[in-house]
Structure formats: C-alpha cells, structure tokens
Amino acid sequence: ITMTDGDYDYLIKLLALGDSGVGKTTFLYRYTDNKFNPKFITTVGIDFREKRVVYTTNSPNGTTGKTFKVHLQLWDTAGQERFRSLTTAFFRDAMGFLLMFDLTSQQSFLNVRNWMKNHKCECVIQASSSDVCLCLLFPRIPYFETSAATGAEVEKSVVTLLDLVMKRMEQCVDKPAADAHNTDSSSKLDAAAADEKKCAC
Ligand SMILES: Nc1nc2c(ncn2[C@@H]2O[C@H](COP(=O)(O)OP(=O)(O)OP(=O)(O)O)[C@@H](O)[C@H]2O)c(=O)[nH]1
C-alpha cells in the first residue's frame, strides 16, 4: 500500500460491503473520481481507493466548528463468497461501513441482514432505486438510494458516514479531537477502532 503525503489530521478507514454485483466498486469510483464505469469487473479479494476531504465539526451554538483534513481510505471488498474469509479479515480495521444492496435484486436485499451480523457500528445502507423502505428494518441506520450512474446521493452517503465516525471518535478518544495531530493520530484511531467492539449501537 502506498500512502500519499502525511499531511492530514485523521486517517479514516471505511469499507464497502454487500453481495457481488451490487455496485461497490462502481460507487467508490464515482465517489473518488466522479466517473461511472458501466463494465462489471468483479473484485478479486480486496482493493482500495483514497480521497482527501475536509471535515468541519458542528458547534452546538451554531458557529462554524473546527476544520480537519481527513484522508479517507475506502476499502472495496469482493462480494463473492469464495473471498469471504479474506475480506472479513479486513472488517476489524474499518471504522465505518458502506453496506450496499441492489434494489433490482431481492436476494442482495435479503442478504443485508447477514452482512449486518458482521459489524454493529457506524454504517450507512445504500440502494440504487426506490421501492423498499429499509428504514423500518433498520431504524437507526441512515439509508440512501444512490446512483453511481448519475452520482445521486453518493457524496451525501459518504459524508453522513464520515460524520458518524468522527462524532464517535470525539466521544471515544480521551483528548479532544482538536488536539489530534498526524504523529499520534494512528494510536488514537486504534483506540477508537478497539472501542468500536464495545459500542452499544
Ligand atoms: N445503472 C447503474 N449501474 C450500476 C450502478 N452501480 C453499479 N452498476 C453496475 O453494476 C455492475 C456491477 O458493479 P460493481 O461495482 O462491479 O459491483 P461490486 O459490488 O463491486 O461487485 P464485486 O466486486 O463482485 O463484489 C457494473 O456493471 C456497474 O456498472 C448504478 O448505480 N447504476
């Protein structure tokens, strides 16, 4: 893995999961490169993409909060069963999950429950068109109908997940997030990741 320059405040690892063909790779490509790839090339094992974003905290009194440079590492897992033992090994390090299904595939929707069993914390669910209401099934999990083809809701779903992850880190890390710096952010993030297992959500 080649890491680009270390000029960031937080390294956040998000992971896309869901059945094969639901659009994980295509979604991430739209998010990082703002392009759509209509071809289906199944992911072998695991892959990742990266993006730098600026995250601004919300202040309770309505004033503009603090601004952080965030390096997003977006892990793209293979949906195929034969890679399952490899891909699940990466779940442990993820701070948030983009759980995807395809609205035109009932099976991929039914399998959302199975994917959910592997992790319990920060997660957004995505689908590509609208005729089911997942909100009833998973009332506390943000749900988006995204389209990698048009770009609809793509950015918003990732920003929502990042916001959930950052808010939880603020709660989990002893020192205020404002003190975070490159040199010690990895240990803090490890602490936050470890805390994920204890999280009651
Ligand atoms: N029209 C449309 N097609 C999509 C969308 N998202 C994905 N696709 C298509 O669906 C197919 C599968 O997409 P992938 O992103 O490769 O699926 P995946 O979930 O990464 O699959 P695995 O790597 O096998 O786990 C591709 O042909 C994509 O172009 C979308 O939002 N709209």
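## Basis of the model

Residues are numbered from 1 along each chain as its sequence is written, and side-chain values use heavy atoms, with hydrogens and water left out. Because the model is predicted, local features need pLDDT of at least 70 and side-chain atom pairs count only at pLDDT 80 or more, while totals for chains, interfaces and linings use all residues.

## The ligand shell

The shell around the ligand holds 21 residues (a heavy atom within 4 Å), and Ser20, Lys24, Thr26, Thr42 and Gly79 come nearest. By class, seven are nonpolar, 11 polar and three charged, with Gly counted as polar and Tyr as nonpolar.

Polar contacts are pairs of N or O atoms within 3.5 Å. An oxygen atom of the ligand lies 2.9 Å from a backbone N or O atom of Gly21, and a polar backbone atom of Val22 is 3.3 Å from a ligand oxygen. For Thr25, a polar side-chain atom lies 2.9 Å from an oxygen atom of the ligand. On its own the ligand has 660 Å² of accessible area (Shrake-Rupley method, 1.4 Å probe), of which the protein covers 82%.

## Helix H1

Helix H1, a DSSP run of at least four H or I residues, spans residues 24–33 and gives the most to the ligand shell, with three residues. The buried residues are Lys24, Thr26, Phe27, Leu28, Arg30, Tyr31 and Thr32. Just after H1, Asn34 takes a positive phi of about 55 degrees.

Terms used: Polar contact = N/O pair within 3.5 Å; in protein donor to acceptor, adjacent residues only side chain to side chain. Helix = DSSP H or I, 4+ residues; strand = E, 2+ residues; numbered from the N terminus. Buried < 20%, exposed > 50% of the residue type's maximum accessible area, 1.4 Å probe, protein only.
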